2 protein chains.
Amino acid sequence: MPGDPHPKHPIEALIECADRAIEAEDFDTLIELYTEDAVLVVRPGLTAVGHDQLRRAFEAIAAHLDHSVSVRQAGMHILEAGDTALVLARTVVRADNAEQDERAATYVFRRAPDGRWLCAIDNSYGHDVIE
Amino acid sequence: MPGDPHPKHPIEALIECADRAIEAEDFDTLIELYTEDAVLVVRPGLTAVGHDQLRRAFEAIAAHLDHSVSVRQAGMHILEAGDTALVLARTVVRADNAEQDERAATYVFRRAPDGRWLCAIDNSYGHDVIE
């Protein structure tokens with residue numbers, strides 16, 4: 001709103017959009033929020049690369065979580081350096097068939113020449129990826 | 001070496017170079033490992049942006065830690081998406097006048113057109129930056 005003292009960062013709005021798309025299983029919308037060469041950590045030790053693999057991974061995750069997943073961010077900080085941004089987030093994942101999972105997530109965004117931010121690296125598992 | 005089954009990632013070598021430069025207070029070498037618009041989290045709530053601010057921040061940190069700082073990485077994982085990379089690291093900072101500090105650090109690197117990787121976002125405090 002005009003005069004809002006805490007306007008939302010465009011990346012925060014994108015992450016909200018992604019969370020709603022995951023819940024709605026709207027993978028067409030979801031995939032368009034990622035760069036063509038984006039990397040998704042499906043789980044520690046397994047990554048998906050590029051739009052086709054990301055779509056299949058999101059479909060598999062939705063099925064694995066019994067089509068009942070909900071995602072919200074319980075805290076977030078964004079660090080920007082030119083056209084690159086790092087997001088530190090506390091991401092809460094819920095599903096009917098799993099314990100609630102709070103993750104120290106890390107997301108890297110890139111700003112395209114047209115000004116749009118896109119997610120290039122989606123690692124909701126944070127430091128759990130270290131062997 | 002030829003035939004090495006686990007060749008070191010160039011970014012891992014850069015981080016080692018940065019850690020040695022911090023210990024030697026060789027800030028000329030250190031600064032050249034960062035992009036011109038790089039962001040450094042000096043501590044949660046305080047960032048330095050660009051080469052001049054980074055140099056002054058590193059000088060202040062060295063003085064604050066009584067010119068006795070040592071840094072090593074106790075574990076690391078690198079996720080690459082095209083010319084962007086995210087490093088998750090367990091960074092151990094020691095100094096004569098402080099408790100040993102193990103941080104869940106996050107670093108973002110960008111690959112320049114000449115092929116060199118440079119650090120764009122240096123956040124050794126990981127999720128501690130979230131308010």
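The model is a predicted one: local features need pLDDT of at least 70, side-chain atom pairs count only at pLDDT 80 or more, and totals for chains, interfaces and linings use all residues. Residues are numbered from 1 along each chain as its sequence is written, while chains are lettered from A and ligands numbered from 1 in the order in which they are written.

Let me begin with chain A as a whole. Chain A holds three helices and six strands; helices (H or I, at least four residues) and strands (E, at least two) are DSSP runs, numbered from the N terminus. Read from the N terminus, the order is α-α-β-β-α-β-β-β-β. For 131 residues, a compact globule would have a radius of gyration near 14 Å, and the 15 Å of chain A agrees with that. The radius is taken over C-alpha atoms, and the globule rule is 2.2 Å times the number of residues to the power 0.38. Along the principal axes, the C-alpha atoms of chain A fill a box of roughly 45 × 30 × 30 Å.

Of the 131 residues in chain A, 36% are buried. A residue is buried if 20 or more other C-beta atoms, placed from the backbone, lie within 10 Å of its own, exposed if 12 or fewer, and partly exposed in between. Among contacts in chain A between residues at least 6 apart in sequence, 44% join residues at least 24 apart; a contact requires C-beta atoms, placed from the backbone, within 7 Å.

I turn now to the sheet. Six strands of chain A form an open sheet in the order β2-β1-β6-β5-β4-β3, with mixed pairing; strands pair if DSSP finds at least two bridges between them. At the edges stand β2 (46-49) and β3 of chain A, each with a single partner strand, so one side of each has no neighbour in the sheet. On average, neighbouring strands are turned by 25° against each other, direction ignored. Axes here are lines fitted to C-alpha atoms, for helices over the stretch in contact, and angles run from 0 to 180 degrees between N-to-C directions.

Ten bridges link β3(A) and β4(A), an antiparallel pair, and A:Val71 has A:Val93 in β4(A) as its bridge partner. Two helices pack on this sheet. Helix α1(A) touches β3, β4, β5 and β6 of chain A, its direction making about 155° with that of β3(A). Helix α3(A) touches β1 and β2 of chain A, at about 35° to the direction of β1(A).

Which strand of chain A is mostly covered? Strand β6(A), residues 117-123, has six of its seven residues buried. Strand β1(A), residues 34-43, runs parallel to β6(A) and is joined to it by three bridges, with A:Tyr34 opposite A:Cys119. Strand β5(A), residues 98-111, runs antiparallel to β6(A) through six bridges, and here A:Val108 is partnered by A:Ile121. The hairpin formed by β5(A) and β6(A) has five residues between the strands, and A:Gly115 in the turn has a positive phi of about 95°.

Next, helix α1(A), residues 10-24. Its 15 residues reach 21 Å from first C-alpha to last, close to the 21 Å expected at 1.5 Å a residue; the expected span is 1.5 Å times one less than the number of residues. Its buried residues are A:Ile11, A:Ile15, A:Ala18 and A:Ile22. They lie on the same side of α1(A), because they cover an arc of only 60° around the axis, the arc being that of the directions from the helix axis to the C-beta atoms. In general, an α-helix has 3.6 residues a turn, so residues three or four places apart point the same way. The face turned away from the buried side carries the exposed A:Ala13 and A:Ala24. Just after α1(A), A:Glu25 adopts a positive phi of about 55°.

In chain B, the buried residues of helix α3(B) are B:Leu54, B:Ala57 and B:Phe58. These sit on the same side of α3(B), as they cover an arc of only 100° around the axis. Exposed on the face turned away are B:Asp52, B:Glu59, B:Ala60 and B:Ala63.

Finally, the interface. Contacts link 26 residues of chain A with 26 residues of chain B. On the chain A side, β1, β3, β4, β5 and β6 each supply at least two residues, and the largest share, six residues, comes from β3(A).
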